[in-house]
Amino acid sequence: MHTPRNSDERPVMKRRTFLLGTASGLSVMVLAACGAPSPLPTPTVVPTTAPSVIPQPVAMQRTSWSVDPFARGSFSFPAVGATPEHRAALAVPVIDRVFFAGEATAATEPGTVQGARESGLRAADQVQSVAQSGERITVIGAGIAGLAAATQLRSAGYSVIVVEARDRVGGRIETVTKDWPMPIELGPSFIHNTTVNTLDDEFTALGVTTLPFSQVPEARTRTGEVVPVNPVGAEAVAAALVWAAGQPQDVSVERALVDSGENQLSASLNAEGLSEADWLEYEISTRLKMDSGSTPSEESGWYTPSPDTADDDYVVVGGYGTLLKADADALDVTMSSVVTFIAYTDSGVSLRLGAGEALSADRVIVTVPLGVLKDGAVEFSPALPFAHKGAIAALGVGVLDKIWLRFDEPFWDTSAPLWTVVGTDSDFPVWVNMLPITGEPVLMGMVAAENAVRLAEVSDEEFLASALHSLEPFRTAE
Ligand SMILES: Cc1cc2nc3c(=O)[nH]c(=O)nc-3n(C[C@H](O)[C@H](O)[C@H](O)COP(=O)(O)OP(=O)(O)OC[C@H]3O[C@@H](n4cnc5c(N)ncnc54)[C@H](O)[C@@H]3O)c2cc1C
C-alpha cells in the first residue's frame with residue numbers, strides 16, 4: 001500500500017521503506033564496513049519547500065552532525081557484525097603511549113554522555129597505571145571524555161594539555177543560550193538510564209534544572225487524530241530480536257524481522273486508517289532509528305536493545321553544557337587546533353596540528369569521535385594495530401539531528417511533552433513540546449538515520465519546510 005505523506009503536492013514516498021534498503025551515504029559507509037551491501041532497491045525522496053499550514057517560527061536552530069568535520073555523526077551504534085569486544089579492543093592502549101577514550105570506547109552506556117565520561121576516567125586510570133609522576137600528557141578533544149580524563153590526570157599531578165579542534169569546549173554537548181528564552185541543546189538533552197547513572201544528581205548540585213521525562217508519547221495520524229499506541233510494532237521488533245539472538249551469526253534487525261516472519265503484519269486499515277504494519281514502521285521510525293541514528297538494515301540483531309528495556313529519562317532544561325564548565329575552566333585547553341598526525345614510539349608521542357605546528361608529549365589520550373577516526377582524519381604512525389583498525393571499521397556511526405523552533409504563540413493545544421506521528425513518512429517523526437516543560441512555545445524536532453543524512457545537505461529553508469510539514473498533525477483544528 002502506498003500512502004501520501006500529506007494532502008498537498010509534496011512528493012510521495014512509499015511506507016515501510018525499511019524493508020527496501022536505505023538511501024544514505026552513511027548507510028553505504030556502514031554497510032561497506034560490514035561487507036554486506038543491500039541487494040534491494042533504494043527509495044529516494046526529493047526535498048521540497050512547498051509552504052506548510054504551520055505558522056512560520058520566529059527563531060530556528062538546526063544541526064547537521066554528519067557533516068560536522070569534528071563529529072562526522074552523532075553517536076556510535078551496534079552495527080551488524082560489531083560486538084562489545086570491538087569497543088573493548090579500541091580501549092586497549094597502544095604500546096602504553098596512545099590511549100583511546102570517547103563514547104564509542106565505553107564499556108557501559110556507549111553513545112551517551114555518561115558512557116563518554118566513564119571512558120575518559122578509564123583512560124586516565126590506564127595512563128596512571130604506567131606513567132611516572134609529572135609526565136606530559138596530551139588529551140586530544142575537549143568533549144566530556146577528554147575533559148574528564150584531563151581533570152583526573154591534572155589532579156594526580158601530571159602536566160596536562162588538552163588540544164581541541166573547535167573554538168569551544170564540549171564537542172557533541174552544545175548548549176545555545178543566545179537569542180533563546182531558555183538554553184537549547186544541539187547535542188544531548190536527556191539523561192538516559194537514570195537508575196544506573198548519577199548525572200541527574202550532579203546537575204542538581206550544579207543548580208541546573210532537570211525534569212523527569214515520560215517516554216509515553218502522544219501519537220497522531222497524518223490527519224491529526226490522537227490514537228493509542230498499538231504495541232504490535234514493538235512486539236514484532238522484540239520477537240525479531242529474540243529470533244536474532246538464537247542465530248549462529250549476527251544478522252541485521254531488518255534481516256531478523258524478515259527471516260523470523262515478524263514483519264508479516266496485516267496491512268488492513270482500521271477505522272483510523274492505520275494497519276498493524278504502520279505500527280511496525282512507527283516503532284522503527286520513532287524508536288529504533290532515533291536510538292541508533294541508523295536503519296534496521298545496518299543495526300545488529302544481537303546488540304540492539306529490546307523495546308522493553310527502555311528506562312526512565314530526565315530532560316535537562318538548564319543547560320547541559322554546565323556540566324563541563326568547572327573542568328574546562330581549570331584546564332589548559334588549546335582551542336582551534338586540529339590534530340592531523342600522531343607519531344608514537346616506545347619513548348613518546350609527537351603530534352602535528354593542521355596549521356603545521358608540532359607538539360610532543362610522553363603519552364596521548366585520543367578522544368576524537370569514532371566518525372573522525374573512520375574518516376582517517378587523524379593519521380597514526382606507525383599505523384594502528386589490526387585490532388584497533390578492525391574495531392574502527394566494524395562499529396557504526398549513527399546520525400540524529402535536531403531542529404529547534406520558537407513560535408510567537410503555540411499553534412497546538414496538546415499539553416503532551418512527547419509527540420510522535422504514525423502512518424506518515426514524516427522526516428521528523430518525534431517532537432518534544434517544551435511548552436509544558438518551560439512555559440515557552442518552543443518545539444524540538446528530531447530526524448534520524450538516512451533522513452538526517454539527506455537533510456544535512458539541504459538549505460535551512462528546505463530543512464525548515466520539511467520540519468513544518470511534519471508538524472501538521474499537531475495543528476489545532478479550526
Ligand atoms: C543530536 C545528539 C543528541 C544526543 N542525545 C543524547 C542524550 O540525550 N543523552 C546522552 O547521554 N547522549 C546523547 N548524545 C550523545 C552524547 O552527546 C555523546 O555520547 C557525548 O557527548 C560524546 O562525548 P565524547 O567526549 O566522547 O565526544 P565529543 O563530545 O565529540 O568530543 C570529542 C572532541 O574531539 C574534538 N576533535 C575532533 N577531531 C579533532 C581533531 N582532529 N583534533 C582535535 N580535536 C578534535 C571535537 O571537536 C570534540 O570536541 C547525543 C548526541 C547528539 C549529536
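**View A. Salt bridge between Glu 103 and Arg 172.** Glu 103 and Arg 172 form a salt bridge in which the closest N and O atoms are 3.0 Å apart; a salt bridge here is a side-chain nitrogen of Lys or Arg within 4 Å of a carboxyl oxygen of Asp or Glu. The two residues belong to distant parts of the chain, 69 residues apart: Glu 103 lies in the loop between β3 (98-100) and α3 (113-128), and Arg 172 in the loop between β5 and β6. Helices (H or I, at least four residues) and strands (E, at least two) are DSSP runs, numbered from the N terminus. Both Glu 103 and Arg 172 are buried, a term that means under 20% relative accessible area, with exposed over 50% and partly exposed in between (1.4 Å probe, protein chains only). The model is predicted, so local features need pLDDT of at least 70 and side-chain atom pairs count only at pLDDT 80 or more, while totals for chains, interfaces and linings use all residues. Residues are numbered from 1 along each chain as its sequence is written, and side-chain values use heavy atoms, with hydrogens and water left out.

**View B. Salt bridge between Arg 166 and Asp 68.** A salt bridge joins the side chains of Arg 166 and Asp 68, at 2.8 Å from N to O. This pair also links distant parts of the chain, 98 residues apart, with Arg 166 in the loop between β5 (159-163) and β6 (175-176) and Asp 68 in the loop between β1 (59-62) and β2 (75-77). Arg 166 is buried, at a relative accessible area of 11%, and Asp 68 counts as buried at 15%. The whole structure contains 16 salt bridges.

View C. In α8 (residues 276-292), Arg 287 and Glu 283 are separated by about one helical turn because they are four residues apart. Their side chains meet in a salt bridge of 2.5 Å, N to O. Arg 287 and Glu 283 are both buried.

**View D. The buried side of helix α7.** In α7 (residues 253-260), the buried residues are Val 253, Glu 254, Ala 256 and Leu 257. These residues lie on the same side of α7 because they cover an arc of only 165° around the axis, the arc being that of the directions from the helix axis to the C-beta atoms. The elements covering them include α6 (232-245) and α8; contact means heavy atoms within 4.5 Å.
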